[in-house]
Amino acid sequence: MQGIETVSARTVEEAAKRLAGVVTRTPLEPNERLSARVDARVWLKREDLQTVRSYKIRGAYNFIVQLDAEHRERGVVCASAGNHAQGVAYACRRLGAKGRVYVPGTTPRQKRERIATLGGSHIEVIVIGETYEDAFTAAKRDAESTGATLVPAFDAPETVAGQGTVAMEVVAQLGFVPDVMVVPVGGGGLLAGIAAWAAERAPEMRIVGVEPAGATCMAAALAAGEPVRLGAVDTFVDGAAVALAGSVTYPLVRDGGVELTDVAEGAICTEMLAMYQSDGVIAEPAGALATAALGTTVKIDPGQIVVCVVSGGNNDVSRYGEVLERSLIHEGLKHYFLVGFPQEPGALRRFLDEVLGPDDDITRFEYVKRNSRETGPALIGVELARAGDLEGLLHRLETSPLQVERVEPGSPLFHFLV
């Protein structure tokens, strides 16, 4: 394969020519809810409506289509949390290449099934480990032992150039350069591609990258002056849960004049629900990163024209229970307590009458009576009507004769529950 050594506006534009007729020119839609939130004109670049329901097809296809016949014959391998693998699967089937994709065990079943469907007989799906890094290690070992070509999810110039076509497409659709573009960040492929193209073609555009708070690998790289591996990663935002920024993407981001921020996973969940209920958009966690940060960690001037990239819509419907739970906790509406009840008739009734407020709702109650003890522990989940009601609930718990321990967010028990 004769690869490119760096990413520039020219290589992004060449990638766009290869992608013509292969990827979808996804809609650019105005959004009233977000526009009202920041008193600006907000547009959504709907990459969730892409051919494989994420922008990842752009980089994967641009990489694989440039392989010569010999390399295609040897096949390709990749590691992915799900979306990149779908792009590789689609490209392999369209180009007649064979591929193996490695995904971590945290990849939702919906994504794994889509990979198999898109690739058909051209793709083998292998589940290994718990993180993207585990999958990448396995894919790299496969490539070294079989001679197959490793297709990086973000850390290759060809991949980055393909992802960068999102920016030139946005400008073409608007007919002018927006004031701000807000971009989700995992390993940095999309952000790096957009920054490389904009540096030459739209230098006046402010570019903001948004990482999940539990996986800020690009921020860590910028702080350290080089990519450094995070000690721990929250895998909830599976499409952006990367522990190590790319050696290709990092310098492009560093030199691209971009801003970087992060947003809490709970806030992402709240935004996912708002997108679904108000906008009719089914976004995966990474797909809601950009809009979740809008008006909170990303400040916008009144009247500005802002484009947020909705990077993907491959969300397993079975995850919405966890999404709702995380959102309620983030909003201060859901709390857990361990309560020691006297093992006597009427104890629960007194708790309901004397401790709970009139609008409080018990959403979880686990209790086992032990006749050999004076008290029995109960795990209680309480949902409040208003976040401000917590102070009164805590006061009533403290002044009651009950033994009470609050399950603090971040504690081992809390992580077991949520």
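Buried means under 20% relative accessible area, exposed over 50%, and partly exposed in between (1.4 Å probe, protein chains only). Keep that handy for a predicted model, where local features need pLDDT of at least 70, side-chain atom pairs count only at pLDDT 80 or more, and totals for chains, interfaces and linings use all residues. Residues are numbered from 1 along each chain as its sequence is written, and side-chain values use heavy atoms, leaving out hydrogens and water.

Start by selecting Lys334, in strand β11 (residues 334–342); strands here are DSSP E runs of at least two residues and helices H or I runs of at least four, numbered from the N terminus. Is Lys334 buried or exposed? Lys334 is buried, because its relative accessible area is 7%.

Now show its polar contacts (N or O atoms within 3.5 Å; within protein, one able to donate a hydrogen and the other to accept it, with sequence-adjacent residues counting only if both atoms are side-chain atoms). The Lys334 side chain pairs with that of Glu325 at 2.6 Å, and with that of Thr363 at 3.5 Å.

Next, jump to Ile207. Leaving aside neighbours within four places in sequence, its contacts (heavy atoms within 4.5 Å) include Met181, Val183, Leu191 and Ile194.

Last stop: Leu348, in helix α16, is partly exposed, with a relative accessible area of 38%.
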